[in-house]
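Please look over the sequence and the structure before reading on.

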Amino acid sequence: MSDTVLVDLADGVLSLTLNRPEKLNSFNEEMHIALRAAIQRAHDDNAVRAVFLTGSGRGFCAGQDLGDRDPRKGGAAPDLGKTLETFYNPTLRLIRSLDKPVICAVNGVAAGAGANIAIACDIVFAAKSARFIQAFSKIGLIPDAGGTFNLSRILGEPRAKALTMLAEPLSAQDAMDWGLIWKAVDDETLQAEAMVAARKLASGATFGLGLTKRLIQEAATNTLDQQLDAEKDAQQKAGKSADYAEGVTAFLEKRQAEFKGR
Ligand code: T3D
């Protein structure tokens with residue numbers, strides 16, 4: 001069991017803490033493998049109804065550990081297409097395809113792939129002191145981990161191009177004002193506020209939340225007609241869920257619903 005990602009399950013929330021603080025939680029192979037395994041667990045384990053992702057120490061994640069890419073060590077140039085295919089892309093796909101909400105608490109600087117993994121999560125809180133940096137252009141790379149997809153869709157071309165090409169830090173406040181994240185909150189209350197949201201979701205109608213997540217993601221590439229059909233299909237499934245029956249019953253009985261995520 002690797003300690004590069006701390007994993008804890010409580011109240012239906014699987015908490016994942018990136019844990020290489022001395023390197024600002026940048027990714028080495030061990031952390032890649034540990035994070036992917038933890039998110040795979042969220043897919044497989046019915047006890048998990050929401051995921052909470054954060055970092056230990058003063059940073060969230062500084063992207064790839066560049067110490068593992070040191071050209072001064074000699075040898076052939078690394079095949080970065082292969083590292084994306086082997087490590088980053090499967091993790092991104094797991095986050096996006098997970099039919100449970102992923103809440104991210106960006107506790108400090110999020111750079112390179114670290115920024116784009118945060119942005120790929122479903123609900124992103126950030127400490128007011130946090131910064132998002134598309135650091136790739138500073139080292140001659142392109143924005144990966146879904147960055148070109150998500151930034152252009154969320155921000156539009158002008159801001160996506162300037163952010164990625166200039167690599168200037170974006171404050172948490174600006175990220176919120178630009179619609180890139182859900183909320184910038186005081187540093188001291190970040191973990192608690194984000195965890196309240198995670199627990200609320202984990203005790204909610206998670207079957208419907210999973211369908212909602214998928215629909216909103218698919219809307220980016222669907223036509224209106226396709227999306228209306230997708231809503232019809234999803235609502236049909238939601239209408240047959242135990243959570244829907246419980247939600248309506250609880251409303252009519254004027255009591256709190258007890259959802260099971262089914
Ligand atoms: O390679 C592939 O597989 C392809 C995929 C690539 C994906 C990517 O993410 S590429 C982009 C990689 N990341 C970066 O280029 C960011 C590099 N880091 C920084 O620019 C800065 O560290 C930050 C802006 C993030 C934070 O700056 P600051 O001043 O707050 O902290 P610092 O002093 O620079 O960093 C603190 C320590 O963390 C420092 O170590 P030291 O000197 O105390 O021993 C620093 O070297 C280390 N660190 C930070 N980022 C990385 C890192 N070490 C290795 N790799 C890092 N990415």
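## Terms and basis

Buried area is the accessible area, taken with a 1.4 Å probe, that two parts lose on being put together, summed over both. The size of an interface is often given in this way, as the accessible area lost when the parts come together.

The model is predicted: local features need pLDDT of at least 70, side-chain atom pairs count only at pLDDT 80 or more, and totals for chains, interfaces and linings use all residues. Residues are numbered from 1 along each chain as its sequence is written, and side-chain values use heavy atoms, with hydrogens and water left out.

## Two domains

The chain is divided into domain 1 (5-202) and domain 2 (206-252), with bounds that come from an automatic or database domain assignment. Taken over C-alpha atoms, the centres of domain 1 and domain 2 are 27 Å apart.

Between them, domain 1 and domain 2 bury about 760 Å², and 50% of this is on carbon and sulfur atoms. Twelve residues of domain 1 are in contact with seven residues of domain 2, where contact means heavy atoms within 4.5 Å.

One salt bridge is found across the interface of domain 1 and domain 2; the term means a side-chain nitrogen of Lys or Arg within 4 Å of a carboxyl oxygen of Asp or Glu. The side chains of Asp 122 and Lys 213 form a salt bridge, with 2.8 Å from N to O.

Six residue pairs, both at pLDDT 80 or more, are in polar contact between domain 1 and domain 2. A polar contact is a pair of N or O atoms within 3.5 Å; within protein, one must be able to donate a hydrogen and the other to accept it, and residues adjacent in sequence count only if both atoms are side-chain atoms.

On the side of domain 1 that touches domain 2, α2 (80-97) and α7 (190-202) each supply at least two residues. Helices here are DSSP runs (H or I, at least four residues), numbered from the N terminus.

## Around the ligand

The ligand is surrounded by 25 residues, the closest being Ala 62, Gln 64, Leu 66, Arg 69 and Thr 83; a residue counts if one of its heavy atoms lies within 4 Å.

A backbone N or O atom of Ala 62 is 2.9 Å from a nitrogen atom of the ligand. Oxygen atoms of the ligand lie 2.6 Å from a polar side-chain atom of Thr 83 and 2.9 Å from a polar backbone atom of Ala 113.
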